[in-house]
Amino acid sequence: MLADSGYWSIANLTAIPDATELLVWPAKTGRTGKPRKDGQPSESKSDGLRAAMFAKLNSEQGKACYAKRKQTVEPVFGQIKDVRGARRLPRRGLAACDAEWKLLCGTHNLLKLWRHTRRQSGAVRLVA
């Protein structure tokens with residue numbers, strides 16, 4: 001399972017005890033421990049998990065697996081945001097935003113299907 005730093009938390013990392021492969025980029029921001037009296041941050045509970053995850057991510061297999069996010073999920077969000085111009089959902093409320101997001105995703109998939117069928121039917125005409 002691949003996830004970005006938004007999913008980095010102790011609860012998320014320990015919720016699936018027998019996960020085959022869990023790669024979550026550790027968050028760089030956020031609280032890293034209760035400050036000590038001398039002003040320095042104390043060691044966080046997730047420091048051990050963070051070090052182990054960076055070791056996994058920096059391995060050759062970890063780099064190869066995490067790079068697959070570029071091929072699977074990220075292009076869809078990039079296309080919806082940049083090509084379609086949908087950087088924000090103008091409607092208010094969870095139900096309205098949910099409906100708008102489903103409409104954006106549905107039209108994205110319909111465009112992909114239309115382009116795919118158009119490309120295949122064009123190839124048939126060229127051959128015939």
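This predicted model holds 1 salt bridge. The partners are Asp-98 and Lys-102, whose closest N and O atoms are 3.2 Å apart. Both residues belong to helix α6, which spans residues 94-127, and they are 4 residues apart, about one turn of the helix. How exposed are the two partners? Asp-98 is partly exposed, with a relative accessible area of 38%, while Lys-102 counts as exposed at 54%.

Setting aside residues up to four places away in sequence, Glu-100 touches Leu-89, Pro-90 and Arg-91.

Leu-89 turns up again on the surface, where Phe-77, Leu-89 and Trp-101 form a nonpolar patch with about 240 Å² of accessible area together. Trp-101 is another residue of helix α6. With a relative accessible area of 31%, Trp-101 is partly exposed.

Further along comes His-108, again in helix α6. Is His-108 buried or exposed? At 8% relative accessibility, His-108 counts as buried, because buried means under 20%. Beyond its neighbours within four places in sequence, His-108 is in contact with Val-76, Gln-79, Ile-80 and Arg-84.

Arg-115 lies in helix α6 and is partly exposed at 43% relative accessibility.

Here are the accessibilities of the helix α6 residues discussed above.

| Residue | Relative accessible area | Class |
|---|---|---|
| Asp-98 | 38% | partly exposed |
| Trp-101 | 31% | partly exposed |
| Lys-102 | 54% | exposed |
| His-108 | 8% | buried |
| Arg-115 | 43% | partly exposed |

Pro-26 is placed in the loop between β2 (23-24) and α2 (47-58). Its relative accessible area is 1%, so Pro-26 is buried. Which residues does Pro-26 touch, not counting those up to four places away in sequence? They are Ser-5, Trp-8, Arg-50, Met-53, Phe-54 and Leu-57. For Leu-57, the separation from Pro-26 is 31 residues in sequence and 9.8 Å in space, C-alpha to C-alpha.

Finally, the chain as a whole. Its secondary structure comes to 6 helices and 2 strands, and along the sequence these follow the pattern β-α-β-α-α-α-α-α. Of the 128 residues in the protein chain, 18% are buried; Pro-26 is one of the buried residues, at 1%. Among contacts between residues at least 6 apart in sequence, 47% join residues at least 24 apart. The protein chain exposes about 10200 Å², and carbon and sulfur atoms supply 58% of that area.

Key
Residues numbered from 1 in each chain as written. Predicted model: local features only at pLDDT ≥ 70, side-chain atom pairs only at ≥ 80, totals over all residues. Heavy atoms only, no water. Buried < 20%, exposed > 50% of the residue type's maximum accessible area, 1.4 Å probe, protein only. Contact = heavy atoms within 4.5 Å. Salt bridge = Lys/Arg side-chain N within 4 Å of Asp/Glu carboxyl O. Areas by Shrake-Rupley, 256 points an atom, 1.4 Å probe, with all protein chains shown as cover. Patch = residues over 30% accessible without salt bridge, like charges linked within 9 Å, V, L, I, M, F, W, Y side chains within 5 Å.
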